[in-house]
Amino acid sequence: MITRTKYNPKAIEEKWQKQWEAEQLYHASDISPRPKFYHLVMFPYPSGDLHMGHWYNYSPFDAYGRFKRMQGYNVMQPIGFDAFGLPAENAAIKHGVQARTWTLANIDKMRKQLRMMGAQWDWQREVVTCLPDYYKWTQWLFLQFYKHGLAYRTKAPANWCPGCNTVLANEQVLPDGTCERCGSTVVRKEIDQWLLKITDYAERLLDFPVVEWPEKTMTMQRNWIGRSEGAEIRFVAEIDGKQEQIPVFTTRPDTIYGVTFFVLAPEHPLVESITTPDQKAAVDAYVEQARRMTEIERTNVEKEKTGVFTGGYVTNPVNGEKVPVWIADYVLMGYGSGAIMGVPAHDQRDFEFARKFNIPIREVIRAGDEAPSDPATWPEAKKHLGVMVNSGPFDGTPADEAIAQVTKYIEEQGIGKFMVTYRLRDWLISRQRYWGAPIPIVYCPNDGMVPVPEEQLPVWLPEHVEFKSTGESPLRYEPDFLNTSCPVCGGPATREADTMDTFICSSWYFLRYVDPRNSEQAWSQEKMKQWLPVDQYVGGVEHAIMHLLYARFFVKALHDMGHLDFDEPFMRLFHQGMVLGADGQKMSKSRGNVEAPDKYIAKYGADTVRCYMMFIGPFDAGGSFRPDNLEGVWRFLNRFWSVISENWIDSRVSDKETSESKAIERLRHKTIKRVTEDLSNFHFNTALAALMESNNVLVKQQHDPVAQTGAYRKTLETMMQLLAPMAPHITEELWHITGHTGSIHMTDWPSYDEEMTQDETFTLVIQVNGKVRERIEVSSDISENEARYLALENPRVASFIGESTVQKVIYIPGRLVNIVVRNS
């Protein structure tokens, strides 16, 4: 027997959080008879506060991990902090504190907030990417890529953010040409930079053979990689009396006879030599203008086309025709060969360029049923496939043969070849900022560029630096960091002052979780084989073409180097939606609709906030956070507490079976089935709805005789287990005060009998000519003949049939009988 108490989350939540941690309840053992389940959420940046977005992401995620634990899995659910990056450095400059101090203070605060959530974090596996015991191995990984020819340094145009004073990857520049971090206009700048050869893995990154990922995400990655099949065709220019071949790639070699102009990227190395003296001034001015533009601006399809004629010409290798050479900013040196053939009749971009500069447009592809027409009258380019026309020996070649035949011809003539290209560029990883993992390279006057020996890692990042008002990296002015000795000759040398992109840190953190305290290796092979790959990964879709792509590249490369025995990091991926403000808009300080969770936890407790975040809508769709609606979940948990605690106050339980107890037992099995299926599919809102519905039934009957039956008591116990993943504190407390031993979270997930999920009876609807005339309760296992008989013999139904002739009787099992009659 227990005493009557009210639900008081403040009294129970901190108690259980401390006890779970003291017992190491959620530490995943590396040695367990249970099957492993690596459950991972994208780790947070230590901004200093957990916001509602974190709660919306982590609450359902944690519920799923708890569900899998109760299903018998050895669940590893680690947490850590993605702690390098510009925000910490900017905060250090703004507030006059060191980046490390600011970051670690934020991490301490966020640890407390994460613990308040009551999630089953495995704190013993925590990683913090800005600490030497982590970035030592980030540097080690860089060296592996360097040794295998996958990391290289080059001087090339880069996206430069003047606000952040650093280089940005293409993915970090917004469509309007501004920095995703600070909003500054990004410019192009020539700079020495480090890159990883992700392009070597372009083809393999297109395939997702063994993973269960959202189709949208796989499509986004494939589109970003941008595989194109076509042909490389070599045009010829005469420069200083010599024949110079200029290759172009095209996906439409069947349009080669429609080339009426040729375009070079402004930064193409042949621009200067192919430009005639009378065009030099105009070309130079245009080249300088293009240098100040970002790739995003240059490739904007809505931007008006600009360009300058160089005065030079190239020869079309298939027909010997000379075509004028232009430069235009929509052609990029970093994509393909930095040159294109202009086919204005069949490419919209070329069409707009030709129209603006009065360049001829020649039709060479025509739909089979289309009459000839003057391209000067066309409103737009005709991009469709079709029969080749005005194409010399290829006239009449049908659409389904055209590309293959032209490709074969240029290969036979030695003027081109079949080719596959990719939109994907190599990953620029060097940053001209302080707060990041130092790149382990030194520069020696005698031996050149030398990698730091592995035994000398980590290259320590100074903890106390003086920031410059210019925003330049202080590492360039730290002599103790910058000046070193050459690992080869021992002479004076200089360290690389750039640091690594923080996406490097997050491209492997899931590997370090398996062996986070190993000081001799990044991980042990034994533990790696025990836990990897990740079974379930949860995070935002906004990471589809950066973090998720980079992590896949890392794993494939490390697999090829022999460090891993798998080549896909995340077997199953789920993207959560976004929690919005009460106004239905994205939460932001400027809108004034940001809600911090702390005050609601203080008022309602963590379990109420957790359940509410799961209840506001489908997990992958998101929903609006409306504080008033917390009351509904709060009332549900209070009613749940009351119905259970009241039942145990009177400990008398009867084993007598009644029709009411049978109904309760069926309710138990139905609820187990619904909640199990919903949790399995991340449908947390409907799982909670099922529990609320069942709870309402139990509350209504708590003072009836059925409440003293074993079936009712068993259903209450089952309800505690079913709610446990979503509301871990209240269920743990109730489990113990009702006399159970051990944690509810270590109990076996309830099972159900499929037969018991079916109702004993159902309401059979009887229609006459499609109109409902009667409803009767019948047995669930009723046969068709029995249903027909009951319908036809029913007195009320018979009155509607009258003297009419029954033509046919339609039976839909489990639902209705429709009697079709005709007037006599």
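**Helices, pockets and backbone**

Let me start with helix 2 (residues 52–70) and helix 19 (residues 606–615), whose axes come within 9 Å and cross at roughly 90°. That makes helix 2 roughly perpendicular to helix 19, a label given to angles of 65 to 115 degrees, while under 35 is roughly parallel, over 145 roughly antiparallel and the rest oblique. By class, this contact of helix 2 with helix 19 has 9 nonpolar, 1 polar and 3 charged residues. Here Ala, Val, Leu, Ile, Met, Phe, Trp, Tyr, Cys and Pro count as nonpolar, Asp, Glu, Lys and Arg as charged, and the others, Gly among them, as polar. Among the residues of helix 2 that take part are W55, Y56 and R66, and they meet a set in helix 19 that includes V609, R610 and M613. Contact means heavy atoms within 4.5 Å.

Some ground rules. This is a predicted model, where local features need pLDDT of at least 70 and side-chain atom pairs count only at pLDDT 80 or more, whereas totals for chains, interfaces and linings use all residues. Residues are numbered from 1 along each chain as its sequence is written, and side-chain values use heavy atoms, with hydrogens and water left out. Helices (H or I, at least four residues) and strands (E, at least two) are DSSP runs, numbered from the N terminus. Axes are lines fitted to C-alpha atoms, for helices over the stretch in contact, and angles run from 0 to 180 degrees between N-to-C directions.

A second pair is helix 1 (residues 9–22) and helix 24 (residues 728–737), which pack at about 85° with axes 9 Å apart. That makes helix 1 roughly perpendicular to helix 24. Helix 1 contributes W16 and W20, among others, and helix 24 contributes residues including H729 and H736.

Now the domains. The protein chain is divided into domain 1 (37–139 + 503–591), domain 2 (149–209 + 437–501), domain 3 (227–422), domain 4 (597–756) and domain 5 (759–822), with bounds from an automatic or database domain assignment. The C-alpha centres of domain 1 and domain 4 lie 31 Å apart. Their contact takes 36 residues from domain 1 and 37 residues from domain 4.

How many cavities of 30 Å³ or more does a search of the whole structure find? The search finds 1. On a 1 Å grid over the protein atoms alone, a cavity is a set of points where a 1.4 Å probe fits but cannot get out, and a pocket is an open set with protein on both sides within 12 Å along at least five of seven lines; lining residues have an atom within 4 Å of a point. The largest cavity holds about 60 Å³, a volume being the space filled by probe spheres set on the points, which are joined across faces, edges and corners. Domain 1 and domain 2 both give residues to its lining, so the largest cavity lies between them. Its lining includes R100, Y135, W435 and E463, and divides into 8 nonpolar, no polar and 2 charged residues.

The second largest pocket has a volume of about 590 Å³. Of its 32 lining residues, the closest to the centre are P157, L195, E295, G334 and R425. Strand 5 gives the most to this lining, with 7 residues.

Last, the backbone. A cis peptide bond joins L457 and P458, with omega about 5°. The bond from L532 to P533 is also cis, with omega near 5°.
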